[in-house]
Amino acid sequence: MNEGDSQMVELLAHHTESINVLNDRWITDWAALAEKHYKLEEREFVRTKVVDATRQIFNKYHVIYGDELMSKVIIPNFNDVDQETSPQLRKSLIHLLNDVASNCISYKHCNTVLAILRRMLTRPFRQRNEELNNGIVYIFSNRELIDSRAIVSNLNKLFVTKLHRLPIDPAVNILDILVSYLNLTFKHPLQGPAPAELPLIRKEILLLLLSLRCDMHGHLGVGITGKSDDNITFSPFILCVKKPRTTDGYNQHNQHQVPLSPGAESQTQFQLPNTNIHPSPLNQIIQDQQHNTISQQQQQHHSQNIFVPNSLHPNCPIESRCINLDAMFAGIIECINIETDAELLETVLKGLPHLLANKPLVLTAGDERINQLCLALSNLITMNRANNRQTIKTDHHKHCLRCLTSLLIYRKLLDHKSIKMILSIFEDSIRSVSRYPIVPLFTTCLIELHDSSEMAKFVPIVLDHLRRFSPTVSLGPSVLEFLTYLIIFPKLYENFSQDEYKFIFSIALPYTNPFRFSDYITCLAFRVIAMWYLNCRPSLRCAFVEQVKKSLRSNVIQPFKENTVPSQPVLHSQTSSPVIAQTPPITYSCPPSMSPVDHRRRSSSLNAETYLRNQQGILNSHNHQSSLQLNEELMETFADLLTRYTHGQYLAIAPKNRCTEMLIDRSTSQTWLNGNSLITITAGKSNNGWAEIMVRRPTGNTSWIGRLQNTVGALPMFNQQVYTDSLNFGNDIISLFSSLSLTSEDGSGTGDAELSDSLTALSSNAANLSSSLSSSTNAASTGQMDFGATSNSCKLQDPIPLPKDKKFDIALSNFDLITPYETHKVGLVYVGKNQAENRAAILSNKFGSPRYYEFLSQIGTCIILNDIDPEIYFVGGLDVKGEDGKYAYFWKDNVTQVIFHVATFMLARDNDPQCNNKNRHIGNDHVCIVFNDSGAPFKLSTIKGTGQFIKACVVVVPLDDDTNFVDVEVLPELKSIVGDIESRILSNLSAALYARQISIHLNLASKIFERRHCEGFFSKEPYVSNWVERLRCIKRIRQRIDESRRANANGSGGSLSAKGSNTLR
């Protein structure tokens, strides 16, 4: 810089500092100086100094003189800045224009500045179009796009600032600039590699667009990264509306329309790569869909802006502006189709599910956009990238699957081909991608598309793939939960063949090994097997018995035998690898991510000392013994299940009959223990010849009632030996009725010894008869299903009469309290406005919203408590006489009964402001479903009080357009069992079904945790199911009888030891 240039810089600085605002002509003087030294000046540094000085003056005086500075200085001198070629000067001009746009009060002047910025953004593309038309190949450079990135970055910030201010036109204009520029960057194929700045510019725009949200009234807002959408403040001045139909009048308003270049249409076609392989059905689906999409895209290129005239929407306030974001979705779809930058693709695919969850915003776009987006995501998965586009990464694959799953809430807009395409994508993906995150996504597809004919076709295919997976700890919960959801929809498996049912058993049976999997997974596996066994057609059950027996022998019985006596690992020579003698037990205390294979021997990765130390830490004696006991109990219980239900379906408990109670005298009965069954025979009243036979088993009760047709007393039965063959069961009934009927109420008649002998013989035949009626062919002679277990406790022996002792009567009563089906009680509360942090207000609610009552109607059946028999139906402690309300919601299947403690149905008392009566039920539940209609985040700590049992909350947040956000919050100790549960966006019906099923699983996990840690049973009797609990009760009765016999043999007169008394629970 020479001396003259230095003097010029000093002169400009002097003019800037010597401005006197009291001089009326100071703005005119500065305008003349700017014209002289900027417009007419050729020296770059001088022009740059003028721009910087103008920026400094505007920032200092814009509050008072902003309009005059705009009209006299900035607009006349800097209107054509997009033609500048100097990078340094353009940088200073961008800073000036950004400050002016941010601080300008007049919306007209602000829009003028935004128009200048728009021209600066599009300058490289306009130049490129001109050179392409002249036949010159043009390649972008980073230098040309650095200015664009700076403009985009400032426009993003400016949009967030202007969104909540009047006038709203600048905010709408900024959004239109960004959307139009994004579409412009995808309009033409690049010649050569893309500049490094271009993906960064696209990323900044897409981050803003993906954060846009819309409320139920159409008001636009911007989400904050890392925060919930509940914290969004929506602008009342921007209204998102449905895309209007194309009319001439509407086209006249499209002043900022971006013309479609001649080559753009050809670029919208995405052809499959040329291969010699015959195209798959999925590729054929995509090709057919592309032809429809191309014609739709050609018709929609005329409307690439967001402006919608307010005149088309009379309800729009005069100070607001209507927009349509169809062009924004077109840009996102083009990004998925064309973009080659992996980081940018990952950003879009991660943010897209959150955008799709905002249904009011998405529905303002064209209906065809959903199918176009489905096609684009499918192309991204199935096709290799042409034009320097690399093969899709596994992470991108998973993100695409999440996006496709998010599209399912738009089921009404998805055409048949798109649904078929989504299912085909999952079919292909389940074979090639890590299975753990995909199975939960397919579960969501199952729930949303359960009424689709295509889903019924794809379920057997998916089952065929799932049965080929290696069972692992991480995969187990998701696969088993998928099978529990599938059973809810009978239409999907009503036409299953025998092989397809076998697929299900093949999937679930490997997870029954308690030495490899946690209590929770093992319990869930047995539950799944039982549910499917009872839901398949009875004609097919016999065919599955051998499969189940064979699989259980390999998965359970063989590990049982190997683990009966723990032994140390055997070490070979120093050069050999360590070899274990048995598979160590793995309890649920292991992290969910830990696979059992982590504890196995690997070729030479661990030395002998390290391996031995790890194995010794795993082989804990308490856990090992617990697994052995659990193994035996599960086998005996499952054998009883197969025996009972192989040839038919029966109720687990016989309902009471008034006529029966009139005929039977409950005080005249005798009970025998026969194997794992309790057989009770009760005589009729007043020598009427009637009798009832009840067989209590772990999986249910069976009851017969019969009457002697011959005249009582015609047959002399005293001291007559009873014939014990089961074919002559009728003779035994005669013997029974005669003996019982001759026993008078005062005790005279047949002696107790003779009666006991008669009933003992009869009970043996009754046991054989009950077994023959319900067992398979192989088990008819023994009454039990032979699995080859090591324990003899389940084999049939001579019936053992229960002593006439009060404590045995109590034991039978306690047994009857354990229902032969799973029981779950789940709290259900409604959270209204401003109640998200007030537990008393939540519990005091008497009513809910219409969406809440719709949710209730889909989660179960409304019952009248007064009409319910508590011995047949589980009521979860609710008073059936009205103390806890008149109504409740109830759900059941073949093995489960669930009662929902609905807070709004319970009585709210004026003298109970803290709702302790309601809290007495809900606070003692392990799981609570929260219908959060408050608009604020809900925390588990709100509903969980001090000392209460609630360990998990299923929070259902109703969204707009019949969608719901379902989130699960669990305590850390329960999370170690169930693992991470992802949030879901589901339709109304799907949300209710999902909330119910996940609540059952969480309650099951809570019971397992409670038994293990809170009741002191860590070394024995983990909770698995009520069937196992009934089996344990029968075994305790047997143990009590043995102790009583030993005490009598020792001359103690039947006294009970303390230990024996404690075992009778």
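Visitor: What is the accessible surface of the protein chain, and how do you know?

Guide: The accessible surface comes to about 46,600 Å², and 50% of it belongs to carbon and sulfur atoms; such areas come from the Shrake-Rupley method with a 1.4 Å probe. This is a predicted model, in which local features need pLDDT of at least 70 and side-chain atom pairs count only at pLDDT 80 or more, while totals for chains, interfaces and linings use all residues. Residues are numbered from 1 along each chain as its sequence is written, and side-chain values use heavy atoms, with hydrogens and water left out.

Visitor: What makes a residue count as buried, and how many of the 1065 residues do so?

Guide: Buried means under 20% relative accessible area, with a 1.4 Å probe and protein chains only, and 56% of the 1065 residues fall in that class.

Visitor: Why are β9 and β10 said to stand at the edges of their sheet?

Guide: The five strands follow the order β9-β8-β7-β6-β10 in an open sheet with antiparallel pairing. β9 (700–707) and β10 (800–801) each have a single partner strand, so one side of each has no neighbour in the sheet. Strands here are DSSP runs of E with at least two residues, and helices are runs of H or I with at least four.

Visitor: How do you know that β6 and β7 pair?

Guide: Two strands pair if DSSP finds at least two bridges between them, and seven bridges join β6 (residues 664–674) to β7 (residues 677–684), so this antiparallel couple meets the definition. In one of these bridges, I664 has G684 of β7 as its partner. Helix α29 (residues 806–817) packs on this sheet, touching β6, β7, β8 (690–697) and β9, where contact means heavy atoms within 4.5 Å.

Visitor: What makes the second largest pocket a pocket, and which residues lie nearest its centre?

Guide: On a 1 Å grid over the protein atoms alone, a pocket is an open set of points with protein on both sides within 12 Å along at least five of seven lines, and lining residues have an atom within 4 Å of a point. By that rule 42 residues line the second largest pocket, and R666, M694, R696, D816 and E871 lie nearest its centre. α29 gives the most to this lining, with six residues.

How values were computed: Axes are lines fitted to C-alpha atoms, for helices over the stretch in contact, and angles run from 0 to 180 degrees between N-to-C directions. Buried means under 20% relative accessible area, exposed over 50%, partly exposed in between (1.4 Å probe, protein chains only). On a 1 Å grid over the protein atoms alone, a cavity is a set of points where a 1.4 Å probe fits but cannot get out, and a pocket is an open set with protein on both sides within 12 Å along at least five of seven lines; lining residues have an atom within 4 Å of a point.
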